Amino acid sequence: MAKGRILTGDRPTGPLHLGHWVGSLQNRVRLQDEYDAFIIIADVQALTTNFENPGKIAEDVRQVALDYLAVGLDPNKATIFIQSFVKEIAELTVFYSMFVTVNRLRHNPTIKTEAKQYGYQDMTYGFLGYPVSQAADITFCKANLVPVGEDQVPHIEFARTIARRFNELYKPVLVEPSALVGEVGRLVGLDGQAKMSKSLGNAIYLSDSAEEVAKKISMAVTDPARMKRTDLGHPEVCTIFSYHKVFNVPEAVVDLEGQCRKAEIGCVDCKKRLAALLNGLLDPMREKRAYYESHPDMVEEILINGTESARQVGRQTMEEVREAMSLNYFAGRYE
Ligand code: TRP
């Protein structure tokens with residue numbers, strides 16, 4: 001049987017953090033053997049919020065590429081590529097935008113949340129329309145599975161609708177994708193208030209040093225009712241405990257919960273254990289990152305090769321799309 005195909009990726013707007021790891025990266029690494037995996041660095045999508053400073057995107061692309069390699073995406077298995085160079089994605093976006101309605105985009109919950117977050121009264125055409133572009137990211141390679149964090153689910157459903165509509169309007173050439181959300185779709189940030197995110201300054205980055213991780217954890221708020229070491233704890237309201245639940249083994253979580261409630265363990269110790277645990281996860285990533293950081297030519301070659309493979313797939317899809325839409329005037333004699 002042919003392998004299924006995954007497509008997923010990130011906007012290069014800064015380094016990736018633990019929220020990305022639990023939401024999506026972990027699934028990608030796990031599935032790269034079983035699936036034919038395409039990983040997109042969505043630099044055009046990064047322009048939706050960075051069009052005034054496009055100069056910073058190059059460094060962010062490099063950081064995201066290093067994050068991918070550091071977590072163990074293997075360029076021999078996964079095709080890592082850059083969105084803006086796969087021009088077929090831009091072409092598809094234009095074709096899709098003819099049958100997508102503006103109202104549909106305005107009602108997209110993720111767009112609404114993000115518009116509020118960025119304070120957009122009047123959205124740019126590109127920002128409002130980025131879900132169309134994201135649908136093109138997913139469908140140009142006919143991906144059937146999209147590992148993402150919870151906030152991305154409306155976009156994947158939208159891509160599904162677009163693929164279905166295209167297939168009905170023209171010919172059934174596109175694949176309808178499904179979302180695959182990580183076990184922890186949404187990781188809370190160090191502030192305990194909102195989801196972990198770069199813009200909120202509450203993130204632990206995959207590229208943080210062991211000392212930075214320990215420091216961030218030591219400064220995080222725990223149970224506000226627990227002022228003294230002898231006060232009984234309430235793990236259910238504690239951000240540190242919520243991380244133990246995500247990253248620690250189940251037996252340890254049960255133990256910690258009991259010890260916290262009976263004040264048998266203090267927050268300082270509990271935090272130290274968490275820092276050790278997270279650094280245990282991040283150490284192998286740090287090692288791989290250091291290797292690729294000292295081999296920039298290799299990273300560039302991985303990105304160029306990946307992008308070239310993605311383009312080949314894109315050209316093939318565009319041929320079928322043009323044929324389905326009766327736009328193949330030269331029937332393969334010119335492309
Ligand atoms: N919107 C995603 C994010 O903000 C990034 C992204 C772009 C993406 N294209 C994609 C994710 C296609 C999954 C599939 O992180």
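This is a predicted model: local features need pLDDT of at least 70, side-chain atom pairs count only at pLDDT 80 or more; totals for chains, interfaces and linings use all residues.
A residue is termed buried at under 20% relative accessible area, exposed at over 50% and partly exposed in between, with a 1.4 Å probe and protein chains only. Residues are numbered from 1 along each chain as its sequence is written, and side-chain values use heavy atoms, with hydrogens and water left out. Helices (H or I, at least four residues) and strands (E, at least two) are DSSP runs, numbered from the N terminus.

Thr79 belongs to strand β3, which spans residues 78-82. With a relative accessible area of 14%, Thr79 is buried. Contacts, defined as heavy atoms within 4.5 Å, link Thr79 to Ala37, Phe38, Ile39, Gly306, Ser309 and Ala310, when residues up to four places away in sequence are not counted.

The packing of helix α3 (residues 57-71) against helix α14 (residues 296-324) was examined next. The two helices pack at an angle of about 95°, and their axes are 11 Å apart. Axes here are lines fitted to C-alpha atoms, for helices over the stretch in contact, and angles between N-to-C directions run from 0 to 180 degrees. The angle makes α3 roughly perpendicular to α14, a term covering 65 to 115 degrees, with under 35 counted as roughly parallel, over 145 as roughly antiparallel and the rest as oblique. On the α3 side the contact involves Ala65, Leu66 and Leu69, and these meet Val299, Ile302 and Leu303 of α14. By class, the contact has six nonpolar residues, no polar and no charged ones. In this scheme Ala, Val, Leu, Ile, Met, Phe, Trp, Tyr, Cys and Pro are nonpolar, Asp, Glu, Lys and Arg are charged, and the others, Gly among them, are polar.

Helix α6 comprises residues 109-118, and Thr110, Ile111, Glu114 and Ala115 in this helix are buried. These residues lie on the same side of α6, because they cover an arc of only 130° around the axis; the arc is that of the directions from the helix axis to the C-beta atoms. The cover over the buried residues of α6 includes α5 (102-106), α7 (125-128), α8 (130-139) and α9 (153-169). At the N-terminal end, α6 is capped by Asn108, with a side-chain oxygen 2.9 Å from the backbone nitrogen of Thr110. Gly119 follows α6 and has a positive phi, near 65°.

Most residues other than glycine have a negative phi. Lys142, which is not a glycine, has a positive phi of about 60°. Lys142 is located in the loop between α8 and β4 (145-148) and is partly exposed, at a relative accessible area of 25%. Ser326, also not a glycine, has a positive phi of about 60°. Ser326 is found in the segment after α14 and is exposed, at 54% relative accessible area.

Two further loop positions were considered. Pro54 is placed in the loop between α2 (43-50) and α3 and is partly exposed, at 45% relative accessibility. Pro54 and Arg261 are 207 residues apart along the chain, and their C-alpha atoms are separated by 50 Å. Thr230 occupies the loop between α10 (210-219) and α11 (239-247) and is exposed, with a relative accessible area of 61%. Between Thr230 and Pro172, 58 residues apart in sequence, the C-alpha to C-alpha distance is 66 Å.

How values were computed. A polar contact is a pair of N or O atoms within 3.5 Å; within protein, one must be able to donate a hydrogen and the other to accept it, and residues adjacent in sequence count only if both atoms are side-chain atoms.
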